[in-house]
Amino acid sequence: MSEIATIRRAPTDDRRSAIAAAARALIVEKGVEGLRTRDIAERVGINIATLHYHVPTKEALIELVAESLRDAFMQQTIDRPRAHLSAKERMDLEFVDFREIALEKPEIMLVFSELMERARRDERIAEAILPMKHRWRAILTGLLTEGVSDGAYRPDMDAEAVASIFMSCFIGFCRNPHKDAERFERLVAELQRVIRNPALDAPPADLSKSARP
C-alpha cells in the first residue's frame, strides 16, 4: 500500500499528521521551495480551505513538520526506555535509534537536514528547527560528558566537539544515496573507537614481575 493511499484514508482526527506526512514527502522530493499547498491538499485528499484550517500559513506548516519530526524522535525514547541505563548504554541506544531512522525512516533525517540548511537563510524555519538541533547536541554532549566521568570514554575528550562530529556524520550518512546496513555498522564502529577509553583496552598489569620477595 502506498503512503499516499494511506494518507487519503486518514480519519479527521489524524488530518494534521497526514498533512505533515505529505509535506515531508514533498520536501524530500522538491525541497522546501517545492512546498505548495495545492500539492499537499491533493496528496492528503482535501481541499485548500480545509488545509488552511489546519495550517493557515507557511510558518504554521513548517512548525507542523518540525513537530512531526520531534514526535518521531520522542517515540524512539518511548519504544526504548533508557533512563535507568548508564551513559554508555544510553549512547549505544542513540546508535540504535539512528540506525532505525537512517535505514528504515530516512525521510525523517532528510527533512531535518533540509530544514537546517534552509534555517541559515530563513529566520522562520530557524525558529522551528534550531531548538531541536540544539537539544540533540545537548543530549549527545551530556552522554559523552557523563561517559568520561564514568571512565567509559576518553578522559581527554572535548564532548561538545565530538557531539558535533557525531551529528555531522549521521546527517551525512543519511544524505548518502548509497547507504546500507554494512556501511552504517562500519561508521558506528569507528565512532565508538574514537570515544572509547583506551585504558579499557590495555592488558592488565603483570603484578608478579614487580612483586618483592
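## A right-handed helix pair

Helices α6 and α9 cross in a right-handed manner; a crossing gets that name if the near helix is turned clockwise from the far one by less than a right angle, and it is left-handed if the turn is anticlockwise. The contact draws on M91, F95, F98, A102 and L103 from α6, and on F166, F170, I171, F173 and C174 from α9. Contact here means heavy atoms within 4.5 Å. Sorted by class, the contact of α6 with α9 has 10 nonpolar residues, with no polar and no charged ones. For that sorting, Ala, Val, Leu, Ile, Met, Phe, Trp, Tyr, Cys and Pro count as nonpolar, Asp, Glu, Lys and Arg as charged, and the others, Gly among them, as polar.

Two packed helices are described by the angle between their axes and the distance between the axes. In this pair, α6 covers residues 87-104 and α9 residues 159-175, and their axes come within 10 Å and cross at roughly 25°. The axes are lines fitted to C-alpha atoms, for helices over the stretch in contact, with angles from 0 to 180 degrees between N-to-C directions.

## About the model

This is a predicted model, in which local features need pLDDT of at least 70 and side-chain atom pairs count only at pLDDT 80 or more, while totals for chains, interfaces and linings use all residues. Residues are numbered from 1 along each chain as its sequence is written, and side-chain values use heavy atoms, leaving out hydrogens and water.

## The whole protein

The protein has 11 helices and zero strands; both are DSSP runs numbered from the N terminus (helices H or I, at least four residues; strands E, at least two). Of its 213 residues, 41% are buried, meaning under 20% relative accessible area, with exposed over 50% and partly exposed in between (1.4 Å probe, protein chains only).

Among contacts in the protein with a separation of 6 or more, 65% come from residues 24 or more positions apart.

## Two residues to look at

Let's start with D97, which is found in helix α6. D97 is buried, at a relative accessible area of 5%. Leaving aside residues up to four places away in sequence, D97 touches Q76, R80 and R82.

R193 sits in helix α10, residues 181-195, and is exposed, with a relative accessible area of 56%. The C-alpha atoms of R193 and R154 are separated by 9.8 Å, with the two residues 39 apart along the chain.
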